[in-house]
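Here is a short note to read beside the model. Keep the structure open and follow the points in order.

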Amino acid sequence: MEEVTQINGTGISEAEIGAYWLEEDYIYPSEEFVRKAYIQNQPFLNKFKEENFPECFHEYANLLSWDRYWTTTLDSSNPPFWRWFVGGKLNACYNCVDRHLDKYKNKAAIIWVSESVDEPDRILTYQELYVKVNEFASLLLEMGLKAGDTVTFHLPMVPELPISMLACARLGIIHSEVFGGFSGQACGERIADSKSKILITIDGYYRSGKFIDHKANADIAVATAEKLGQKVEKVLIWTRHPGTYSSKTPLVEGRDLLLDDLMKKHRGKRVDYVPMPSESILFLMYTSGSTGKPKGCAHSTGGYLSYVAGTSKFIHDIHPEDVHWCMADIGWITGHSYIVYGPLANAATSVMYEGVPLYPNVNRVWRIAERLGVSILHTAPTAIRMLMRAGSNPTQYKCDFRLLVTVGEPIEPEVWRWYYKVVGKKGAVVLDTWWQTETGGWLCTTIPSVMPMKPGSAGPGALGIYPVIYDELGNEVLPGSGKAGNLCIKNPWPGRMLTIWGDPERLVKQYYEKYCKNRDSKDWRDWPYFSGDAATMAKDGYIRVLGRVDDVINVAGHRLGTKEIESAALTCEEVAEAAVVPKSDELRGHVPDLYVSLKSGYETDNKHLEDKIKQAISSIIGPIARPANVYVVSDMPKTRSGKIMRRILAAISNNREDYGDITTLVNPDVVEEIRNIVRGE
């Protein structure tokens, strides 16, 4: 049997690592790109060497306007709850909007593109954004909201989302955006956890040519939250077509309020921004975890904003004259960091697109990019693969990209090359980035003007980031060894979440306990961050991320907790046990494969049941979590202690024979039975 490194339940073969993941060819940026880049020399990079930590991050923090300068760069007195720029005060909305008005008030801040080709763009200049944010902040004040309160959004890709975010930030209100594609139940669970009394949503939006009645989700969300002990007092509803309520779901009297009506009395109102302590919470971003309960990652005002402003300027190389299009959804951290806060802090123009990349045709992306003069394109490998394999042809359009970014999941070298050669015309620099919801911003990437690109590699640590790879015993895996291990970061950084909302000990256990050298130590060097991703490091320090090592499936860049999916399957009365594993998929990277065993008395040969389980998961979590396959089996492969061996199921789903030792199973014969079911034998 081929030797396998058991990093997680699935296993990664040494042959795969050596032959595929460690590309050694380098591609260098053009002289023209280097000439215009913010970073043009090695001395600037030297400022971020480990011996200059943590003061190196002054380069980021000094990009912002502070109401009161900080007194302590890094407070490490209570590890791993690091606090950055302590003593300082600032406001995120002021830094993203107000301070740009003198020079850029008539410049486009946000260009919103409808999915419909017949609907005109909505362009918000920095002055118009300032006006709308102030008006909405005035309404929030009237409703009695104040700094430190939490508000939940369940909004799709519409301009009202960044307007709502910035209005909350202006007042110090903590915002929590739930991905618009999630179900009402998923939203309600996050409302309950965040203790929000206000839900901000919309009547509907367009997706693949269809109008989605989104208000229906609000009713489910409110009911779910109340079952969990959190009463929602008001539901504020934006309308997709201003002035027209397009949902078929009736309004609940006294609770549901149309913002078209409420905003009339706030026209022209101005609200003073609230200077917030650097370590105060700016927003919550929920992400799936291995325990099943979503984690509320609490990101700070000063540290987070400094980090996304700094990475946007010095690594992303966003200039005020750039038109930057990040194709992510603002419901994920990429949208928060690199559609809203990072670009706007640098006075750039940020494009928002409502729809899907292939609607209404395979060249929609290039038409938009050509028409708007997009200079930086930022998307996920899934979208690149979709465009490439659908026959999309960017060469037909006058697109002039100078920088291309890939994010959310590992990118295959051949897909990277299509992005570089066909989309970028061999002139644009490609940034292959690695980071997480928890980290706030990029952790591994090349610096585009001074480092070569390597197809399929995320590059070395970002500025001020010192990655390391450990094996399961805590030994460092040497660069160039060809061996995989757990990707960790040796040092804290400003963008990392402050804590997990309501459960700080979970942060310690999940991210630091595994490799902590001394729980009593106050030295940050004793507290390496465990990312939960597997990776290899080449001799040059460039890193190739291989995937998750915990129970999280990355579907098209969306992190889905396996426990959430399994729990949703178990809501079907027939299901006794459920186990979900990642299956490789050409377009989406991975998709969930679900195995279920049934309670006594139910028939296993039941196609209707498979559809019922898929529908339950779609309803409870959202369509993104819908399994590719549901396999009804007589029993799960289990250890004698009763643990389901998911690595065996993953091997079967991915048509691999590397099951490992199955002789220790209590029921080894079931492995062949399951394999035959999956293969249709």
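1. Domain bounds here come from an automatic or database domain assignment. The model itself is predicted. In the protein chain, the assignment gives domain 1 at 55-356 and domain 2 at 556-679. How far apart are the C-alpha centres of domain 1 and domain 2? They lie 36 Å apart.

2. Turn to the record. UniProt, in an unreviewed entry, places the feature "domain: Acetyl-coenzyme A synthetase N-terminal" at residues 51-96. In the model, the span 51-96 is 20% helix and 22% strand. The C-alpha atoms at its ends are 32 Å apart.

3. Next, a sheet. Four strands make up an open sheet, in the order S23-S24-S26-S27. Their pairing is antiparallel. Strand S23 (467-470) and strand S27 (543-548) are at the edges, and each has a single partner strand, so one side of each is left without a neighbour in the sheet. On average, neighbouring strands of this sheet are turned by 50° against each other, direction ignored.

4. Look at one pair of strands. S23 pairs with strand S24 (residues 485-489) over four bridges, in the antiparallel sense. Which residue in S24 stands opposite Val-468? It is Cys-488.

5. Now the second largest pocket. Its volume is about 380 Å³. The pocket is lined by 20 residues. Met-451, Gly-461, Ala-462, Ile-465 and Tyr-466 lie nearest its centre. Helix H3 (residues 42-46) gives the largest share of the lining, three residues. Sorted by class, the lining has 12 nonpolar, five polar and three charged residues.

Notes
Residues numbered from 1 in each chain as written. Predicted model: local features only at pLDDT ≥ 70, side-chain atom pairs only at ≥ 80, totals over all residues. Heavy atoms only, no water. 1 Å grid on protein atoms, 1.4 Å probe; cavity = no way out; pocket = protein on both sides within 12 Å on 5 of 7 lines; lining within 4 Å. Points joined across faces, edges and corners; volume = space filled by probe spheres on them. Helix = DSSP H or I, 4+ residues; strand = E, 2+ residues; numbered from the N terminus. Nonpolar A, V, L, I, M, F, W, Y, C, P; charged D, E, K, R; others polar. UniProt positions renumbered as here; feature names shortened; annotations may be inferred. Pairing = 2+ DSSP bridges. Axes fitted to C-alpha atoms, helices over the stretch in contact; angles between N-to-C directions.
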